Amino acid sequence: MIREISTQEIIKVVRDLGIEANYNLGDDVLLAFTRALEKEDSTAAREVMKELIENARIAREEKAPICQDCGLAVVFIEIGQDMHIIGGDLKEAINEGVRQGYRGGYLRKSACHPITRKNTGDNTPAIIHMQIVPGDKMRIIFAPKGGGSENMSRVDMLSPAAGIEGVKDFVVKRVKESGSNPCPPTIVGIGVGGTFERSAILAKKALLRNIGVRNPDPELAEIEEEILARINRLGIGPMGYGGNSTSLDVFLEIEPCHIASLPVAVNIQCHAARHKEAVI
Amino acid sequence: MAKQIRLTTPLSTEDVENLNIGDKVLLNGVLLTGRDAAHKRLFELIREGKELPVDIKGQVIYYVGPTPAKPGKPIGSAGPTTSYRMDPYSPKLIELGLKGMIGKGNRSQTVIEAMKRFKAVYFGATGGAGALLAKRIKKAEIVAYPDLGPEAIRILEAEDFPVIVINDTKGNDLYQEGIKRYAKG
């Protein structure tokens with residue numbers, strides 16, 4: 001018997017995840033805020049960290065968006081190959097969930113036509129990344145992504161000769177040049193390998209990890225720690241006011257690439273690192 | 001040494017000249033709001049020599065596009081947006097008497113020069129602290145360009161709205177000073 005999941009259920013799950021992600025900051029991020037506060041000594045940097053902790057508490061208690069930029073709706077969806085979707089178009093169901101969540105949750109709609117700049121009015125279309133996986137379940141991850149930090153993200157095609165040191169330099173330089181713009185303390189997602197577009201998706205996926213969770217490969221874990229240490233020596237600090245916490249964590253994901261290429265993508269995430277998931 | 005200062009808008013030249021980078025300021029009174037789209041329209045009116053829909057003399061503009069207000073609340077979450085997008089328009093507004101801007105992120109050298117020459121300051125509010133900052137806004141009213149939605153020009157009534165001085169009237173920049181103080185190696 002093939003397991004069936006209805007689009008009605010998918011709509012409801014997407015709607016709730018969108019609202020939940022915008023109101024409730026993860027405990028991992030809150031813990032990282034407290035640790036960052038302990039590392040700062042200037043009035044301005046400490047003030048920022050205290051405000052961020054208080055802001056997350058207010059948002060949670062009053063069911064208010066953490067940030068006014070409720071992001072574009074980035075949705076990762078893993079579809080078990082042994083299940084069957086009934087009741088209509090999956091993509092439309094995801095968009096309907098986004099529509100209902102952003103309207104019902106009083107979230108800001110930030111999606112617009114790229115040239116006329118006319119707002120689409122309901123924050124659709126969602127940015128959907130679909131993947132077919134083994135099993136008969138569906139995993140939905142909702143990661144609203146703000147514009148300020150996304151604007152500071154970059155992809156580059158390095159020469160293989162640049163090697164891992166070239167990758168590290170590229171990432172640190174990007175964070176340095178971004179300065180105060182992406183709302184530090186940030187989280188840095190890095191995708192290395194694949195093709196041009198794959199590296200960017202890897203970087204975005206890396207941001208779905210919880211703060212403090214290292215890449216299971218010990219060599220990659222070490223690179224993550226080294227890049228984080230280098231970033232936190234830049235001195236940018238909370239909101240760029242100067243300090244020791246420029247990034248809260250660095251996540252690296254890799255994939256094989258062409259023998260002639262070394263694609264590297266840096267996806268910068270502001271401190272409002274929002275992502276919620278559900279399995280149905 | 002950074003101080004904590006309470007100020008009420010409109011601000012005088014003397015008010016802003018007393019501020020130094022790193023000072024914490026609690027702003028009270030009226031704040032205007034505007035983002036890229038509203039700035040563009042104001043700029044066009046100035047170029048055509050027409051009157052602006054709001055008087056900007058002595059005023060402070062907050063770069064914000066809030067979330068929709070829930071029933072019974074004056075405004076939704078309301079943190080600052082990145083300021084560099086307003087850089088092409090700010091020097092002219094400063095020349096016309098604007099005394100303060102609230103946002104986040106670096107300003108261009110031209111804006112910093114205008115602040116020095118015409119005596120204005122740039123304040124930073126904590127980006128992403130939209131829920132907290134909304135609680136310091138007691139009233140909000142759209143006064144121009146309602147068609148811009150979250151980007152419309154609003155008049156806000158602020159109560160102890162917390163900001164930090166990033167650029168003062170002497171040409172100092174907290175972002176540069178902060179990095180100088182904390183960068184290692």
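User: How many residues of chain B are in contact with chain A?

Analyst: The model is a predicted one. On the chain A side, the contact takes in 40 residues. The side of chain B that touches chain A divides by class into 16 nonpolar, 18 polar and seven charged residues. The number of chain B residues in contact with chain A is 41.

User: Which element supplies the largest share of the side of chain B that touches chain A?

Analyst: Helix 5 (130-134) and helix 6 (174-182) of chain B each give at least two residues to that side. The largest share amounts to seven residues, and its source is helix 6 of chain B.

User: How far apart do the C-alpha centres of domain 1 and domain 2 of chain A lie?

Analyst: The domain assignment of chain A places residues 3-22 + 66-145 in domain 1 and residues 148-272 in domain 2. Between the C-alpha centres of domain 1 of chain A and domain 2 of chain A, the separation is 26 Å.

User: Which strand gives the most to the side of domain 1 of chain A that touches domain 2 of chain A?

Analyst: Seven residues from domain 1 of chain A and five residues from domain 2 of chain A make up the contact. The domain 1 side consists of four nonpolar, one polar and two charged residues. Three residues of that side come from the strand that gives the most, strand 5 (residues 138-145) of chain A.

User: Which are the edge strands of the open sheet of four strands in chain A?

Analyst: The strand order in this sheet is 4-2-5-10, and the pairing is mixed. From one strand to the next, the twist averages 15°. An edge strand here pairs on one side only, and this applies to strand 4 (127-133) and strand 10 (276-279) of chain A.

User: Over how many bridges do strand 2 and strand 5 of chain A pair?

Analyst: In general, strands of a sheet pair through backbone hydrogen bonds, either parallel or antiparallel. For strand 2 (residues 72-80) and strand 5 of chain A the sense is antiparallel. A:Leu72 stands opposite A:Lys145 of strand 5 of chain A. The number of bridges between strand 2 and strand 5 of chain A is eight.

User: What angle does the direction of helix 1 of chain A make with that of strand 5 of chain A?

Analyst: Helix 1 (residues 7-23) of chain A packs on the sheet. The strands touched by helix 1 are strand 2, strand 5 and strand 10 of chain A. With the direction of strand 5 of chain A, that of helix 1 makes an angle of about 40°.

User: How many residues does the largest nonpolar core have?

Analyst: Residues with the most contacts inside this core are A:Val188, A:Ile190, B:Val60, B:Tyr62, B:Phe123 and B:Val165. Strand 7 (residues 153-167) of chain B contributes the largest share, eight residues, and domain 1 and domain 2 of chain A each provide at least three. Apart from it lies another core, of 26 residues, which includes A:Val14, A:Leu72, A:Ile140 and A:Phe142. The residue count of the largest core is 103.

User: Is A:Asn123 buried or exposed?

Analyst: A:Asn123 lies in the loop between helix 4 (90-104) and strand 4 of chain A. Its phi is positive, about 65°, although A:Asn123 is not a glycine. Because A:Asn123 has 25 C-beta neighbours inside 10 Å, it counts as buried.

User: What is the phi of A:Lys63?

Analyst: A:Lys63 lies in the loop between helix 3 (43-62) and strand 2 of chain A. With 16 other C-beta atoms within 10 Å, A:Lys63 is partly exposed. Most residues other than glycine have a negative phi. For A:Lys63 phi is positive, near 50°.

User: Which residue does a cis peptide bond join to A:Pro184?

Analyst: Most peptide bonds are trans. This one has an omega of about 5°.

User: What is the omega of the peptide bond from B:Thr9 to B:Pro10?

Analyst: B:Pro10 lies in the loop between strand 1 (4-8) and helix 1 (13-17) of chain B. The bond from B:Thr9 to B:Pro10 is cis, with an omega near -5°.

Note on methods
Residues numbered from 1 in each chain as written. Chains lettered and ligands numbered in written order. Predicted model: local features only at pLDDT ≥ 70, side-chain atom pairs only at ≥ 80, totals over all residues. Domains from an automatic or database assignment. Contact = placed C-beta atoms within 7 Å. Nonpolar A, V, L, I, M, F, W, Y, C, P; charged D, E, K, R; others polar. Pairing = 2+ DSSP bridges. Axes fitted to C-alpha atoms, helices over the stretch in contact; angles between N-to-C directions. Core = buried A, V, L, I, M, F, W, Y, C linked by C-beta atoms within 7 Å. Buried ≥ 20, exposed ≤ 12 C-beta atoms within 10 Å, placed from the backbone.
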